[in-house]
Amino acid sequence: MPIFSALGFAAALAAAPLPPADTLEQRIAACLSCHSVKERGDAYFPRIAGKPSGYLYNQLRHFRDGHRHYPMMTYMVGNLSDAYLREIADYFAAQHPPYPPPPPGSGSNAAAAQVARGEALVRQGDPLKNIPACVSCHGAALTGVEPAIPGLLGLPSDYINAQFGNWKNKSRRATAPDCMATIAARLSDSDVAAVSSWLSKQTPDAAARPAASIPLPLPIACGSLPPAGGAPAPAASSPGTAASAAAPAALAPSASPRGGAK
Ligand code: HEC
Ligand code: HEC
């Protein structure tokens, strides 16, 4: 079947990661060599499937535009248009492969007290250090929130630690105000290790999905979120200029971290 063999050959070429491809299928095949579910045991590659599309889109742009740094990622998205990145983000956001169990090594060096400290930071934060509970933005089930807050489960501890390092040294930046950079600056290295050791030990529910919304205001404003967290502004929220309606609801800071009442 000469036609089929020619197609097979073309498909084999398309699956090769080089040179830069120009269809969605080709791009995604290349992405899966690092981002497929099976790779989690490799300890560093972050899961991207099922994260909110707006979050994925922001990250793809940030690699392209030099606000995040990882040479292979920059290479992968270097010449792609916003519209194309949006398409890729939508594709991965709609994928929900099962989560593998945490790899045996992940967070395994942590002492019990450290893991307990990590869980407390995630659920309650630390009012003395002005650290808000992670659940107050990432959702009670830590599955993220539409459209632009990622879930925190299924990430390797090394990856989480590296991201906090990147925020602290400003090599990872989001649209200002960059709430995660603010939070990272308040976490000591041992707090980061505590949080990542606890998070990486959790096995998410197979049916886990990002929450549709979260109670506002967030404890710290995040510039990466659309106005009012993407939800329609409540009709009664302001005496009503266009400018005030467009202001992010998250801009109203709340001094106390949430979730501390348990
Ligand atoms: C050579 C391996 C590799 C390939 C191929 C690759 N990635 Fe990545 N990707 C990574 C690594 C490693 C990171 C984390 C980098 C860091 O430390 O910030 C990452 C990060 C990301 C992130 C941010 C994840 C998050 O949770 O913030 C997204 C989104 C992403 N990649 C999408 C893609 C897409 C789409 C493709 C295909 C066009 C792709 N990647 C190809 C290795 C790869
Ligand atoms: C004020 C809201 C808010 C709080 C509180 C918060 N986060 Fe975030 N977090 C975000 C937003 C928004 C992003 C996406 C940032 C971006 O677009 O780069 C994010 C991203 C992240 C990421 C990146 C995930 C990835 O796949 O790369 C990690 C890790 C993370 N947060 C951990 C934490 C931890 C741990 C805590 C608690 C100590 C916490 N966050 C508290 C809003 C918050």
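**Close-up 1. Gln 114 sits in helix H6 of this predicted model.** Start here and look around the side of Gln 114. Leaving aside residues up to four places away in sequence, Gln 114 touches Ala 193, Ala 194 and Ser 197. Ser 190 is 76 residues apart from Gln 114 along the chain, yet their C-alpha atoms are separated by 8.1 Å.

**Close-up 2. Helix H6 covers residues 112-124.** Now take in the whole helix. Its 13 residues should span 18 Å at 1.5 Å a residue, and this agrees with the end C-alpha atoms, which are 18 Å apart. Arg 117, Gly 118, Leu 121, Val 122 and Gln 124 are the buried residues of H6. Among the elements covering them are helix H7 (135-138) and helix H10 (189-201).

**Close-up 3. Helix H3 (residues 53-64) packs with helix H5 (residues 82-93).** Their axes are 8 Å apart and form an angle of about 135 degrees, so the two helices are oblique to each other. The crossing of H3 past H5 is right-handed. On the H3 side, the contact is made by Ser 53, Leu 56, Tyr 57, Leu 60 and Arg 61. H5 contributes residues including Asp 82, Leu 85, Arg 86, Ile 88 and Phe 92. Sorted by class, the contact of H3 with H5 has eight nonpolar, one polar and four charged residues.

Note on methods
Residues numbered from 1 in each chain as written. Chains lettered and ligands numbered in written order. Predicted model: local features only at pLDDT ≥ 70, side-chain atom pairs only at ≥ 80, totals over all residues. Helix = DSSP H or I, 4+ residues; strand = E, 2+ residues; numbered from the N terminus. Expected span 1.5 Å × (residues − 1). Buried ≥ 20, exposed ≤ 12 C-beta atoms within 10 Å, placed from the backbone. Contact = placed C-beta atoms within 7 Å. Axes fitted to C-alpha atoms, helices over the stretch in contact; angles between N-to-C directions. Parallel < 35°, antiparallel > 145°, perpendicular 65-115°, else oblique. Left-handed = near helix turned anticlockwise from the far one by under 90°. Nonpolar A, V, L, I, M, F, W, Y, C, P; charged D, E, K, R; others polar.
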